[in-house]
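Subject: Structure handover

Hello,

Here is the structure for your files. My notes on it follow below.

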Amino acid sequence: MALHARIRNYTTEFESCRLEAVSLEFGDYHPLKPITVTESKTKKMSRKGSTSSTSSSSSSSVMDPLSSVLDGTDPLSLFAATADPVTAADSTRKKRDKEDHLAVGSDFEPWSSKRGEILARYTTTEKLSIVSKVTTPGSAVSEKVRTRLEELDDLEEGSQKELLNLTQQDYINRIEELNQSLKDAWSSDQKVKALKIVIQCSKLLSDTTVIQFYPSKFVLITDILDTFGKLVYERILSMCVDSRVSLPDNFTPESINDTAKETCLNWFFKIASIRELIPRFYVEAAILKCNKFLSKTGISECLPRLTSMIRGIGDPLVAVCARAYLCRVGMEVAPHLKESLNKNFFDFLLTFKQIHGDTVQNQLVVQCVEIPLYLTLYSPAIDWILQCIAYRAPEGLLTEMMERCKKLGNNALLLNSVMSAFRAEFIAARSMDFIAMIKECDESGFPKHLLFRSLGLNLALADPPESDRLQILNEAWKVITKLKNPQDYINCAEVWVEYTCRHFTKREVNTVLADVIKHMTPDRAFEEAYPQLQSIIQKVITYFHDFSILFSVEKFLPFLDMFQKECVRVEVCKCIMEAFIKHQQESTKDPVILNALLHVCKTMHDSVNALTLEDEKRMLAALINGFIKMVSFGRDFEQQLSFYVEARSMFCNLEPVLVQLIHSVNQLAMETRKVMKGNHSRKTAAFVRACVAFCFITIPSLSSIFARLNLYLHSGQVALANQCLSQADAFFKAAVSLVPEVPKMINIDGKMRPSETFLLEFLCNFFSTLLIVPDHPEQGVLFLVRGLLNVIQDYTWEENCDDKIRIYTNVLHLLSAMTQETYIYHVDKVDSNDTLYGGDSKFLAEINKVCETVITQILDHLKTLGKDEALKRQSQLALYFFNTILAHGDLRNNKLNQLSVNLWNLAQKHGFADTKTMVKTLEYIKKRSKQPEMSHFAELALRLPLQSRT
Amino acid sequence: MGTALDIKIKRANKVYHCGEVLSGVVVITSKDTVQHQGISLTMEGAVNLQLSAKSVGMFEAFYNSVKPIQIINSTLEMVKPGKLPSGKTEIPFEFPLLVKGNKVLYETYHGVFVNIQYTLRCDMRRSLLAKDLTKACEFIVHSQPQKGKLMPSPVDFTITPETLQNVKERALLPKFLIRGHLNSTNCIVTQPLMGELVVENAEAAIKSIELQLVRVETCGCAEGYARDATEIQNIQIADGDVCRGLPIPVYMVFPRLFTCPTLETTNFKVGGQDTDDRH
């Protein structure tokens, strides 16, 4: 049976199909306008389903029966609405004002962010010991106050056990155990035991053996104290909430009931009777907040008393930590009480001379700790105290503090803390003074490079006065460059690079980089400093967005050479490429940039090996692609092509890059065509052929089969557009011969998926192209189509699948299009078969022969399906085929007409047809029959019965 | 089991003054109904004196404890014999704190040789088969705040090796000089003791400076008076080698119950104990 294709006039069809131009009125209603819901209750309605929500926007007249039930306003929202909005707003504002006053803002760096840093920094490998008493559970059940106090004494003097030779980790675990047992004791209502544990813990703070661990110990133990303070506070607070009305945050002591007050007082009395000074201080400081229950002025009276109490602590390190804790608690509970903060600092200054006293020195000798190391132990505490003081402090106060520090002979330790605690702007404005002071410091004590580092950190955040800038850099670098130890040097230099990049040009940056290289190269010191070097690169990149300037910094590439460990090197390259992609606005052809970046990309590419993760590869490829896309030589297309050739040779291991290159070259070819307005000169024709050749030899090196197929097709189209007919043929032939290799399953994003849908999609696309490909003069008619059909025929299709038949049906579309006098589309300057054959009857006969074969295949398949009882599939396929005939066949042909009627009946035969579709189809036929020359459709419609589904 | 007796005094801190009314509730909780022979409430206040072995000798101290002096004793019949329903029963009560004759309500005090204690006892008498139930509860009496302003009497002190007592070989002591002052030598019991102390110089490293609160109790008995000084509490005010020339605060909260205003007398003594000689 032959398909008698309907003669079609594409132009008129197109005209008739085109939508009528309707002037657009910008009325109220527009389907795409965002739905604005005016009634609050519609929000609830929307939950019931999408239908009601869409209808609510346009047709509010349709009342949803369910929504009417909910018409009454929600009782909760009603209640909320009645609350006077003015007073509510007013009260919240007042509250906020108060909070501003009573609490520290978010600009205050909290302790929690410091503690981790301290724990990581102050460690030890020495053995530690812990003094503890194994408290027996249930020892605290006695009621009498007397016995309680005796127990407390017992704990102090009584049977204590010393755990010796603990490693640092054991020690930390032990303290964590104590923390846990504190919580357990508390939750099992053994308050006295809990207090004992806390006392025991705070006692550990008076022990300064293994002094280099002391700051960490301080952090761990104050955590426990914080827990304890919170537990006590919450317990007393819970006693105040009798009538289920919780207290407001800013309650007054008058609103506290007697029981709560008594309990609170009891705690304070108990703590006041602790014999030893340090536990007494810490435990009282821990529950400082509870003073709020007793009197309004409690905290403001307690803080100065506790502050002066610290004077009794002899060891300066223990004392300064105690001060830091008091400041910490003070800032939390009453940040407005600044005086005691200042007092703490001044007291510290008064006792400062103790550090160099005999007692401390003897201790250091015993523990074999050097003075510079010992001094750094003070930093966390002093930093914290100064941070508390400097928080929102007036300029005058800071100046005063600085003067006081100066009086103590420019002590480096203090100077460092001042620099790390005070506002960067403040420091930056006085940079020259600070440099002078740093210079005056004595060498023996606190390490000077730390001072310069601190100063550098400040300058990275705030700008010094314009006039001083260069001098600051010179002065600072003079000292930094003299540092002998590479680690000290790089820590300093890392910080100062940011300042240099911020305020100076590439010349200075170049000098700095050169200096770093000079320092880090001997003995391969850079191997120990990769993180710092990496951060230097990062800083340079952040400040130099213009890559032409960046790469003209002579020492930049030599600097990169210091990254010799591959993973670090690749990381750095990635950073550079990311920055380039982010900041490079327009495409470039600057040879400096290209050279440098090719080098960088090459490094990234070369890191790929068999073990590289997929994700990593994808990321690298994306970065390289980003670079390739940014390269443009403008009208110099040949240069561009040779760049792509070079890139191909460099990045052959990354498939996505090759794909990108092929696309780029194709684009280049099309660009050429555009420039030549379709008329290639001899020279451009040769160039275009070179492009096509590039693609043709690159595609086979890809491993993904669909990438190859699509690229063949795509490149073929490009070749065709550029009148390279034989090359296009080659592409299409390659694609055809590749189809049999398509596996049944392919890997998509790590999952195995059947490939048929992809193949179907590709083949349809391919057919559309084949329509316009002119036949090769030496090959037979429809050489490519036949070839493709053979391949499809031989391809091993999935069992129980109709894809092959679907493709055949689609082939019919192609074939009917081929029989038209003028094809639906053309490639400019390429004569397709319509022109070549001019509707030659031999040609048409050939097409008809192919048609016949295909139709036979389809019908055979339909029969087989009928035998196999796969009736649903049969029905679908029959309808699909019917639609094809309807669209493309000339139904005036009796045979075809009969075939279509048969197919119609077949589709309905076993009741698997979708009635709605059938009705719609019939309606369509009837509608078509009203068009001119389509009267035979009316007749057809009469012959198509509709089967009711009963 | 089942029946529990408890006394709840209205004031949380249990502190009352002379002339006030002590009020509260007796709480009886039981699963079943309680048969009883009457519930009574007794308020007692007594001074217990104990003779110290040092002043009168071991033997006498053991046998001759002085008879307690009763200050107050009154009993109240709360419920006549009968039945109480199951569940929780609260019976409120009120006791006026008044003394008969010329007796004085002394402040509650727990000392070593002198004890002044006030208790509230609730007794539930029951039939022969069940035990009587008793519950006692201490309450605290404070004397009225002293009338008239207490004149503060500040005192300065200096401690050197020369001022120390009980030292055998004065020459062996390292040299030191400690100055200081107390804000007042007679203090209000509810207020802490305050002052300052400066270590002007000290040859040896200081380990600790402690403040000792000492009481002196005097008991009158047949043989005359017995005076005894005992430690109430010891508070460390300095730990380690403190900075020279820097005033260190002296601060001590008087423990409740263990101190009372000078009546039988308590006295303070500040012991600036240098522990140089301890090592």
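Which residue of S14(B) does B:Leu177 stand opposite? The residue is B:Asn201. Please keep in mind throughout that this is a predicted model.

**The sheet around that pair**

Strand S13 (residues 176-182) of chain B and strand S14 (residues 193-202) of chain B are joined by 7 bridges, in the antiparallel sense. Both belong to an open sheet of 4 strands in chain B, with the order S12-S13-S14-S17 and antiparallel pairing. Strand S12 (155-159) and strand S17 (247-252) of chain B have a single partner strand each, so they stand at the edges and one side of each is left without a neighbour in the sheet. From one strand to the next, the twist averages 20°.

**Strand S3 and its partners**

S3(B) has a strand on record at two pairings. Strand S1 (residues 4-9) of chain B is joined to S3(B) by 6 bridges, and the two run antiparallel. In that pairing B:Ile7 stands opposite B:Val26. S3(B) also pairs with strand S8 (residues 87-96) of chain B, again in the antiparallel sense, over 10 bridges. There, B:Ser23 is found opposite B:Glu94. S3(B) is mostly covered, with 8 of its 10 residues buried.**Chain B as a whole**

Chain B holds 2 helices and 18 strands. Of its 279 residues, 43% are buried. Among the contacts in chain B with a separation of 6 or more, 70% are between residues 24 or more positions apart. The chain exposes about 15,600 Å², and carbon and sulfur atoms supply 54% of that area.

B:Ala229 is in strand S16 (residues 224-239) of chain B. Leaving aside residues up to four places away in sequence, B:Ala229 touches B:Val214, B:Arg215 and B:Val216. B:Val214 is 15 residues from B:Ala229 in sequence, and their C-alpha atoms are 6.4 Å apart in space.

**Confidence**

The average pLDDT of chain B is 73, and 73% of the residues score at least 70. Where in chain B is confidence lowest, and where is it highest? The lowest mean, 41, belongs to strand S18 (residues 273-274) of chain B, and the highest, 84, to strand S3 (residues 21-30) of chain B. Over residues 264-279 of chain B, pLDDT stays under 50. For that stretch the model has 44 contacts beyond four places in sequence. For the complex, the predictor gives an ipTM of 0.80 and a pTM of 0.61.

**Where the chains meet**

The contact between the chains takes 26 residues from chain B and 30 residues from chain A. Chain B and chain A bury about 2,300 Å² between them, and 57% of it is on carbon and sulfur atoms. Which three residues supply more than any other three of the area that chain B buries against chain A? They are B:Gln236, B:Leu246 and B:Arg256, which supply 24% of it.

**Three residues in chain A**

Most residues other than glycine have a negative phi. Two residues of chain A have a positive value instead. A:Leu782 has a phi near 55° and is not a glycine. A:Leu782 lies in the loop between helix H40 (756-770) and helix H41 (783-794) of chain A. Is A:Leu782 buried or exposed? A:Leu782 counts as buried because its relative accessibility is 2%, and the cut-off for buried is under 20%.

The other is A:Lys829, with a positive phi of about 65° although it is not a glycine. A:Lys829 is placed in the loop between helix H42 (803-818) and helix H43 (833-837) of chain A. At 44% relative accessibility, A:Lys829 counts as partly exposed, because that class covers values between 20% and 50%.

Not counting residues up to four places away in sequence, A:Asn810 touches A:Cys764 and A:Tyr880.

Regards

Notes:
Residues are numbered from 1 along each chain as its sequence is written. Chains are lettered from A and ligands numbered from 1 in the order in which they are written. This is a predicted model: local features need pLDDT of at least 70, side-chain atom pairs count only at pLDDT 80 or more; totals for chains, interfaces and linings use all residues. Side-chain values use heavy atoms; hydrogens and water are left out. Contact means heavy atoms within 4.5 Å. Buried means under 20% relative accessible area, exposed over 50%, partly exposed in between (1.4 Å probe, protein chains only). Accessible areas come from the Shrake-Rupley method with a 1.4 Å probe; for residues, only the protein chains shown count as cover. pLDDT is the predictor's confidence in each residue, from 0 to 100. Two strands pair if DSSP finds at least two bridges between them. Axes are lines fitted to C-alpha atoms, for helices over the stretch in contact, and angles run from 0 to 180 degrees between N-to-C directions. Buried area is the accessible area (1.4 Å probe) that two parts lose on being put together, summed over both.
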